Amino acid sequence: MAAHRKPRQRALGGGKARTAATIALAGAATATGFDGTGHAEPQLTPGQVKAEVDRLYQEAEVATEKYNGAKEKATAAGQRLKDLQDRAARKAERLNSARDALGSVAAAQYRAGGLDPAVQLALSDDPDRYLENAEFVERAGTRQNTAVARVRRQLREIEQLRGAAHIELTSLKSRQGELKRHQKTITGKLGSARRLLSRLDPQERSRPGVSQDRASRSAGGRDTLAAPGFASSQAPNPRAAAAVSYAHQKLGSPYVWGATGPNAFDCSGLVQAAYRAAGVSLPRTTYSQIAAGRRVDRSELLPGDLVFFYAGISHVGIYVGNGRMIHAPNPSAPVRVAPLDEMPFAGATRVV
């Protein structure tokens with residue numbers, strides 16, 4: 001009988017094994033470098049830091065617009081819930097008045113030697129039983145029929161309002177949970193950006209193009225819009241001119257996600273505040289603002305038009321002429337004048 005031998009294992013020392021190990025180590029270093037959990041961090045150039053910070057800021061802005069939308073819906077749900085509760089309370093007061101009136105009739109009938117069955121049913125402490133036995137009320141051919149029917153209707157209306165309020169409360173809780181999720185995403189992205197920027201020395205952080213938008217540093221000052229009156233004069237109407245003027249007055253204001261002024265803004269918050277000052281009500285989010293007016297081509301832009309960026313319509317500014325806009329960029333830069341070409345252009349709309 002021939003002896004059976006196990007084939008010898010090939011040693012992991014060949015070229016393929018060494019290549020795989022190198023890739024695995026490189027991947028591990030990359031995976032742990034940005035979150036601070038690894039020991040070896042890749043040495044990034046200032047340009048690489050800039051690119052990664054820009055990406056994080058853009059993702060944070062997407063989450064910010066989702067947060068703004070969820071907040072708007074939560075506010076609306078909260079208002080509807082309050083309105084329903086107020087209506088139910090008012091109807092409950094009227095119901096109590098009607099039942100008090102029936103109680104007075106009942107007392108008089110009791111003293112007279114009898115209590116109308118319909119009145120007994122209307123005064124029951126069990127509304128469900130009252131509604132289930134409505135046929136009994138309808139058969140009671142007494143002069144209290146009208147009053148009893150009124151109580152019955154009011155009970156039904158109150159129950160309907162309470163059901164609607166429960167639905168709104170459920171919606172509100174859902175929106176609040178959504179707000180917390182988006183808030184966590186935003187703070188996580190911004191925290192990662194801050195940690196990346198902390199790797200650079202002060203000179204690198206202040207260098208144009210690093211941790212700032214691609215507009216030159218001089219574009220952040222009021223003097224860069226040499227003639228704001230000229231930009232306003234080129235606007236298609238007085239309300240657009242007023243919006244441009246408001247935006248110019250807010251140059252230098254800090255970016256704060258979720259803010260709508262008067263001292264801090266996010267991108268859509270600045271746009272909403274500028275047109276609110278001009279007497280025009282705009283939706284809260286970029287996704288809604290782009291549909292709030294008439295779409296215009298880039299070649300047709302006039303001061304006051306809203307200009308949008310990125311495929312997901314996650315950023316907006318106010319056009320001020322000469323290929324420039326005023327916008328709230330991100331936490332690294334205040335409200336400022338910037339060229340349209342600094343971000344991928346997605347469309348424009350004229351709201352007035």
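Reader: Which residue takes a positive phi just after helix 10?

Author: That residue is G279, which takes a positive phi of about 85° just after helix 10. Helices here (H or I, at least four residues) and strands (E, at least two) are DSSP runs, numbered from the N terminus. Please keep in mind that this is a predicted model, in which local features need pLDDT of at least 70 and side-chain atom pairs count only at pLDDT 80 or more, while totals for chains, interfaces and linings use all residues. Residues are numbered from 1 along each chain as its sequence is written, and side-chain values use heavy atoms, with hydrogens and water left out.

Reader: Okay, and is helix 10 mostly covered or mostly exposed?

Author: Helix 10, which runs over residues 267-277, is mostly covered, with 9 of its 11 residues buried. Buried means under 20% relative accessible area, exposed means over 50%, and partly exposed is in between, using a 1.4 Å probe and protein chains only. Among the buried residues of helix 10 are C267, L270, V271 and Y275.

Reader: At what angle do helix 9 and helix 10 pack?

Author: Helix 9 (residues 238-249) and helix 10 pack at an angle of about 125°, and their axes are 8 Å apart. The axes are lines fitted to C-alpha atoms, for helices over the stretch in contact, and the angles run from 0 to 180 degrees between N-to-C directions. Helix 9 and helix 10 are therefore oblique to each other, given that angles under 35 degrees count as roughly parallel, over 145 as roughly antiparallel, 65 to 115 as roughly perpendicular, and the rest as oblique.

Reader: Which residues in helix 9 meet helix 10?

Author: R239, A240, A243 and Y246 in helix 9 meet A273, A274, Y275 and A277 in helix 10.

Reader: New topic: how many salt bridges does the structure hold?

Author: The structure holds 9 salt bridges, where a salt bridge is a side-chain nitrogen of Lys or Arg within 4 Å of a carboxyl oxygen of Asp or Glu. In general, side chains of opposite charge can pair when their charged atoms come close. One of the salt bridges joins the side chains of E52 and R55, at 2.4 Å from N to O.

Reader: Where do E52 and R55 lie?

Author: Both E52 and R55 lie in helix 2 (residues 46-111), 3 residues apart, which is about one turn of the helix. E52 is buried, with a relative accessible area of 14%, whereas R55 is partly exposed at 37%.

Reader: What does E59 form a salt bridge with?

Author: E59 forms a salt bridge with K189, and their closest N and O atoms are 2.6 Å apart. This pair links distant parts of the chain, with E59 in helix 2 and K189 in helix 6 (residues 145-197), 130 residues apart. E59 is partly exposed, with a relative accessible area of 25%, and K189 is also partly exposed, at 24%.

Reader: And which side chain meets D305 in a salt bridge?

Author: It is R350, with 2.8 Å from N to O. R350 lies in strand 6 (residues 345-350) and D305 in the loop between strand 1 (294-296) and strand 2 (306-309), so the pair ties together parts that are 45 residues apart in sequence. Both R350 and D305 are buried. Elsewhere, salt bridges that share partners join E52, R55, E59 and K189 into one network.

Reader: Which residues does A346 touch?

Author: Leaving out residues up to four places away in sequence, A346 touches R295, F308, F309, Y310 and I313, a contact being heavy atoms within 4.5 Å. A346 lies in strand 6 and, at 28% relative accessibility, counts as partly exposed.

Reader: How far apart are A346 and I313?

Author: A346 and I313 are 33 residues apart in sequence and 6.7 Å apart in space, C-alpha to C-alpha. I313 is found in the loop between strand 2 and strand 3, and its phi is near 55°, a positive value in a residue other than glycine. At 16% relative accessibility, I313 counts as buried. Y310, which is not a glycine, also has a positive phi, of about 75°.
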